[in-house]
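Have the sequence and the 3D view ready as you read.

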Amino acid sequence: MAFTLEERQQLNIHGLLPPCFVSQDAQVYSILKNFERLTSDLDRYILLMSLQDRNEKLFYKVLTSDIERFMPIVYTPTVGLACQQYGLAFRRPRGLFITIHDQGHIATMLKSWPENIIKAVVVTDGERILGLGDLGCYGMGIPVGKLALYTACGGVKPHECLPVMLDVGTDNEALLKDPLYIGLRHKRIRGQAYDDLLDEFMEAVTSRYGMNCLIQFEDFANANAFRLLHKYRNKYCTFNDDIQGTASVAVAGLLAALRITKNRLSDHTVLFQGAGEAALGIANLIIMAMEKEGVSKDAAIKRIWMVDSKGLIVKGRASLTSEKQRFAHEHGEMKNLEDIVKDIKPSVLIGVAAIGGAFTQQILQDMAALNKRPIIFALSNPTSKAECTAEQCYKYTEGRGIFASGSPFDPVTLPSGQTLYPGQGNNSYVFPGVALGVISCGLKHIGEDVFLTTAEVIAQQVSEENLQEGRLYPPLVTIQHVSLKIAVRIAEEAYRNNTASTYPQPKDLEAFIRSQVYSTDYSSFVADSYTWPEEAMKVKL
């Protein structure tokens, strides 16, 4: 309906459309009215995904028209519900589905993808989807949603993005019995066959799309996430968002919080509820940030404590992984989180174990008694898994808690009349800007310094007014601006450190990166038409 009369005539579609010309803005309005008619977030998700299938430009125009409103629908928390009911919501396949039985033929399968130029791949095996566990092939909703935000928040071109599901089976019995399940119906295949599949996949992607193709690992189980990151990080252009992206956004929140507490990160004692990918990733980046303040690595490690499913991580405790052993200190074994908080006396409490309600009233009150301004991050997703709500934090800390969460919470009005807007530590502050920067300068390997730089840039974008409102992150409406700032800083450091591969170096990096950003406006389909001088067209006999 947005085609002009000239476009309709040239494309031979005049008469096939009603005699009405509707602007893209009017189409956005129409989508919004349909969106508002729906009563469930799952139905709204299906509406937006259907729009993405039939009109990609309009889909991204809608998303960017109010990113704060639509992000919770296309990504967390609604995407978690969508993944759980992916068979029911399934309309049209998006992305590439590669199974364990396709081993030896992945290069051929990649040729089936219609685009020849791919700059970014998001891949999952569906074993640890958000805080929901093994969703197998239903986990494809995560790479699809993630890449939608690559474009909406970072401006990465959608036709240069590829979502991939590596289906090796599922250990979720309910899915194996689900008649609507769209994946392989057998237990997960592990061991050497799994590793061989991953090796072949990485080799096939880089052979077809180049060594600079960004490959983001998403929602792999702990046992594989760290192992695969260590295995591939120095060979390919890759990162794990659950480990490194979560770390970056959490540290960004901490750096912003320091402007409220008026001290250094190394002055704080940090206690983690959880010791998985997210906790270990955040802890390692905190160590880097403390080292930047001039503190030794050993001293930084001593400021960090962790609690897993078996209790406080201490030296001598059985069955500790090498990653956990790094944070095991001399201390008696303890299991109850309330007792641990009283004993360790943390000033920063971070929840990443997906145990809803883990931060009890007693814990929040104890944090307030121990600290003038306690820092409390309930980062688990989706909302049902959050360790506490924003209202609980503010209520039980008497409004003194510095709060951030993984999922969005509504503003809270204190008895004093002050309204606080909880900060959402969403990874979408991180990965779109990182992707844009990495792609723009052709960074071949993504080091931890990229994520500390990203955290610093995000924290710098938080204004004093934001902090007074309780926000530890820039408002989501500014996320495209934040992503651009991140991309420019990453590119600047890449060229300074000779790790970029896009040459010659652009004179104006920001202008160059802006030129790479995807436009949501409709393209013109009018043919390039012109005439020659009449004399040149005369036939001479």
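This is a predicted model: local features need pLDDT of at least 70, side-chain atom pairs count only at pLDDT 80 or more; totals for chains, interfaces and linings use all residues.

Residues are numbered from 1 along each chain as its sequence is written, and side-chain values use heavy atoms, leaving out hydrogens and water.

**What the words mean**
- A cavity is a set of points on a 1 Å grid over the protein atoms alone where a 1.4 Å probe fits but cannot get out, and lining residues have an atom within 4 Å of a point.
- Points join across faces, edges and corners, and volume is the space filled by probe spheres set on them.
- Helices (H or I, at least four residues) and strands (E, at least two) are DSSP runs, numbered from the N terminus.
- Nonpolar means Ala, Val, Leu, Ile, Met, Phe, Trp, Tyr, Cys and Pro; charged means Asp, Glu, Lys and Arg; the others, Gly among them, are polar.

**The second largest cavity**
- This one holds about 40 Å³ of space.
- Its lining includes Phe217, Leu228 and Phe239.
- The lining splits into five nonpolar, two polar and no charged residues.

**The largest cavity**
- There are two cavities of 30 Å³ or more, and the largest has a volume of about 150 Å³.
- Among its lining residues are Tyr45, Asp53, Arg91 and Val144.
- H3 gives the most to this lining, with five residues.
- By class, the lining has seven nonpolar, one polar and four charged residues.

Notes: On a 1 Å grid over the protein atoms alone, a cavity is a set of points where a 1.4 Å probe fits but cannot get out, and a pocket is an open set with protein on both sides within 12 Å along at least five of seven lines; lining residues have an atom within 4 Å of a point.
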